[in-house]
Number of protein chains: 2
Amino acid sequence: MTKPLAVGIAGLGTVGAGVLALLRENAATIAARAGRPIAVTAVSSRDRTRDRGVSVAGLRWYEDAAALADDASVDVVVETIGGIDGPAAATVRAALRAGKPVVTANKALLAVHGAELAALADRSGVTLAYEAAVAGGIPAIKAIREGLAANDLTRVLGILNGTCNYILTQMRERGREFTEALHEAQKLGYAEADPSFDVDGIDAAHKLAILAALAFGRPVDFGAVHVEGIRGISALDIALAAELGYRIKLLGIARRTEHGVDTRVHPCMVPLAHPIAHVDGVFNAVVAEGDFVGRVVLQGRGAGAGPTASAVVADLIDIARGRRAPVWGVAAGDLSPLPAMPMSKRVGAYYLRLMVVDRPGVIADVTGALRDHAISLESILQRGRAPGEAVPVVVTTHDCEEAEMRAALARIEALDAVVETPALIRIENLQ
Amino acid sequence: MTKPLAVGIAGLGTVGAGVLALLRENAATIAARAGRPIAVTAVSSRDRTRDRGVSVAGLRWYEDAAALADDASVDVVVETIGGIDGPAAATVRAALRAGKPVVTANKALLAVHGAELAALADRSGVTLAYEAAVAGGIPAIKAIREGLAANDLTRVLGILNGTCNYILTQMRERGREFTEALHEAQKLGYAEADPSFDVDGIDAAHKLAILAALAFGRPVDFGAVHVEGIRGISALDIALAAELGYRIKLLGIARRTEHGVDTRVHPCMVPLAHPIAHVDGVFNAVVAEGDFVGRVVLQGRGAGAGPTASAVVADLIDIARGRRAPVWGVAAGDLSPLPAMPMSKRVGAYYLRLMVVDRPGVIADVTGALRDHAISLESILQRGRAPGEAVPVVVTTHDCEEAEMRAALARIEALDAVVETPALIRIENLQ
């Protein structure tokens, strides 16, 4: 058998230790599929004493990850440090400059510096692989880059953050409010002490920016992603969604439209008939729609040491076999400069839930504001009657433009009878 | 740009014409992703005059597909003739012997002659690719061979035949009996005039044999697959399944067990909580379970010109890019000779529905037979009371061995009071 592929792992957190464990545990299977053994020879981490549940004896140890990238006996660098700048970026740059393939699980790094790093990889003629950066163990990057490569993709969307999906699932199944469900997720280790990166949609937006670049052959553009998180979702809206035949999911959606590429992360109402409506708990899903293949749905675990290591090692096996692809699926020169579509141009249906003081004329004011912006109603529902008190009023609309909806909403919000910030949730009538 | 990859398409039926159309319609996207243009230069078909909805002007035309394989200006042969022997096999052999990569959508050919053809491909050092042979447009082969390659897979299963899934879905949604649903599927073109290949499970068994070989790195063994179709499923059993919290699906299941590799195709009761229970109509799904990744579910269209062409062209793009993998994921010498598990060793739960004459002692006789074979009951339900007439009795069991269940069933079937062939459906309590 050929000489082993020597791997250096930069960063021995959960993911790095998982990669080390997987390469050892499934060594025979991996060697057979890779055509040669894959062995970790060096690692970097600042903390040498921590128990990681896996032995680091016999491995060359670096405190400085960038120095590991320069180790002449390391063939490939796996970056599992995390973070947009700092040591992760320095390590990836050092490895690519040294002409070494890089495998990274770092979505933030790729979303923000992906164009620069791809250019660096191109110049050195080496692979920069990132299956683990999006949707954890689901081979979504490979599916879009290779498996569906014959298609012009029209839309890619997904449940890209397991923390949010877990919280929304708990809210629905147990009738919990957001704050309570978040605390439970934190207790179980599904959410960080500072959860903003997940619950504000930023993590999902990083992943969506990567998917959009790959799906549409366009330079990665994290700044163009419209991002909203799930803090504003209430148990009431989740229950009302169910009555209307929907589930509320935090989706990342990338579409090719006549106005450019539309990329956005926000809570959506998804029809119960769509498979993604039933992807619950910490599971992720990616949906790709192509002109020849139709709709393909991929589901699996989006995080955790095992699934993430599975994706990292799949990239290593590709490298060991000599299977290569350009970072964004096509050569840098073939990337198309499609413009970004502004969010104000989004056309679709809306769910609007108001708390209004139950008195004559309120519904007329609300529907008048919608009419003035040419928004037609699909349904309107006033729940309960309590003269003089606040009751929910739920409106669903036919397709209209986001700009019109926003303008109408500003007028509605300013009405005296509207006593809370209205809940506006986009309805995605996915087929 | 590099020289185009010259493709010869052997067989211009629905799939072959679809490949031709796709390569033309998405030529620019495909060239960018493949790093070079991919162009059809020759085709073979006996019927030169048929309207295929796509122009064949300017293509070299062969009546004999094997001669096309020998055309020196053809770089890759796409085989879409179909059939186990005859021109399909001759063409694939001729192309591989001539040192040309082959892309085929022919599951029957691979399931039966896969070992021989893989050896031929190995000897010539060329690719034999078959993404389109299993689950149509779903990139299931690539996912298992590369995307999940780091895992020891414990189980692979799927809804592998869209015709059966369509019929079962119609039976459930409209309360139709099998024969009626089959006729409707035939009218819509979802079933052939002679439907036996699909409804008797043979097509699914071909695909399962391929998946099992790939997932477990084992020589393809179609003969070892236990095959049952859906002709025996009644609307009554589908309705009773729903009451018990299950859906009836024709599944192909491959598992690695202590008794060897278990491969079988038969109708199953699947818990409603499992994603595969909701894959309806002509859609296919493949579920792979790995030791690190957990459960991954892939869904999409399993047949039709567009999805199948999408898979064929994905293989061509891999070939154009120089991305290669051994036919069965590992080198021939690394295939492991795991034995096949006999069906009699299957351990699981069962659903048994009898039509019995409603008279004293019948239930005691039935449950006595089960007890004598150490089969314990999960539930028993007698629906309705009609002294002297036939009423359904439904039994669900705890896990037991197939051999015991078969022996008990033989005794039950022989009871005077049992007036129809009992319906025995395996319950797969998938997580």
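Analyst: In chain A, Thr14(A), Val15(A), Ala17(A), Gly18(A), Val19(A), Leu22(A) and Leu23(A) of helix 1 meet Ala305(A), Gly306(A), Thr308(A), Ala309(A), Ser310(A), Val312(A) and Val313(A) of helix 12. This is a predicted model, in which local features need pLDDT of at least 70 and side-chain atom pairs count only at pLDDT 80 or more, while totals for chains, interfaces and linings use all residues. Residues are numbered from 1 along each chain as its sequence is written, and chains are lettered from A and ligands numbered from 1 in the order in which they are written.

Two residues are in contact if their C-beta atoms, placed from the backbone, lie within 7 Å; helices (H or I, at least four residues) and strands (E, at least two) are DSSP runs, numbered from the N terminus. The axes of helix 1 of chain A and helix 12 (residues 305-321) of chain A come within 8 Å and cross at roughly 65 degrees, where an axis is a line fitted to C-alpha atoms, for helices over the stretch in contact, and angles run from 0 to 180 degrees between N-to-C directions. Helix 1 and helix 12 of chain A are therefore roughly perpendicular to each other (under 35 degrees counts as roughly parallel, over 145 as roughly antiparallel, 65 to 115 as roughly perpendicular, and the rest as oblique). The crossing of helix 1 of chain A with helix 12 of chain A is right-handed, a term used if the near helix is turned clockwise from the far one by less than a right angle, anticlockwise being left-handed. The residues of this contact between helix 1 and helix 12 of chain A divide into nine nonpolar, five polar and no charged, where Ala, Val, Leu, Ile, Met, Phe, Trp, Tyr, Cys and Pro count as nonpolar, Asp, Glu, Lys and Arg as charged, and the others, Gly among them, as polar.

Chain A has an open sheet of six strands in the order 3-2-1-4-5-6, with parallel pairing, two strands being paired if DSSP finds at least two bridges between them. At its edges stand strand 3 (60-62) and strand 6 (128-129) of chain A, each with a single partner strand, so one side of each is left without a neighbour in the sheet. Strand 1 (residues 5-10) and strand 2 (residues 38-44) of chain A pair in the parallel sense over six bridges, and within this pairing Gly8(A) stands opposite Ala42(A). Helix 1 (residues 14-25) of chain A packs on this sheet, touching strand 1, strand 2 and strand 4 (76-79) of chain A, and its direction makes about 155 degrees with that of strand 2 of chain A.

Helix 4 (residues 86-97) and helix 5 (residues 107-124) of chain A pack at about 15 degrees, with their axes 9 Å apart, which makes helix 4 of chain A roughly parallel to helix 5 of chain A. Their crossing is right-handed, and the residues of the contact of helix 4 with helix 5 of chain A divide into eight nonpolar, two polar and two charged. Helix 6 (residues 140-147) and helix 10 (residues 202-216) of chain A likewise pack at an angle of about 15 degrees, with axes 9 Å apart. Helix 6 and helix 10 of chain A are therefore roughly parallel to each other. Ile141(A), Ile144(A) and Arg145(A) of helix 6 make this contact with Leu211(A), Leu214(A) and Ala215(A) of helix 10; by class, these residues are five nonpolar, no polar and one charged.

In all, 47 residues of chain B are in contact with 47 residues of chain A. On the side of chain B that touches chain A, helix 2 (27-34), helix 6 (140-147), strand 12 (294-301) and helix 12 (305-321) of chain B each supply at least two residues. The largest share of that side, nine residues, comes from helix 12 of chain B, and the side as a whole has 22 nonpolar, 14 polar and 11 charged residues. Strand 12 (residues 294-301) of chain A is joined by three bridges to strand 12 of chain B, and these strands run antiparallel, with Gln299(B) as the bridge partner of Val297(A). Because 100% of the interface residues of chain B are also interface residues in chain A, the copies meet through the same surface.
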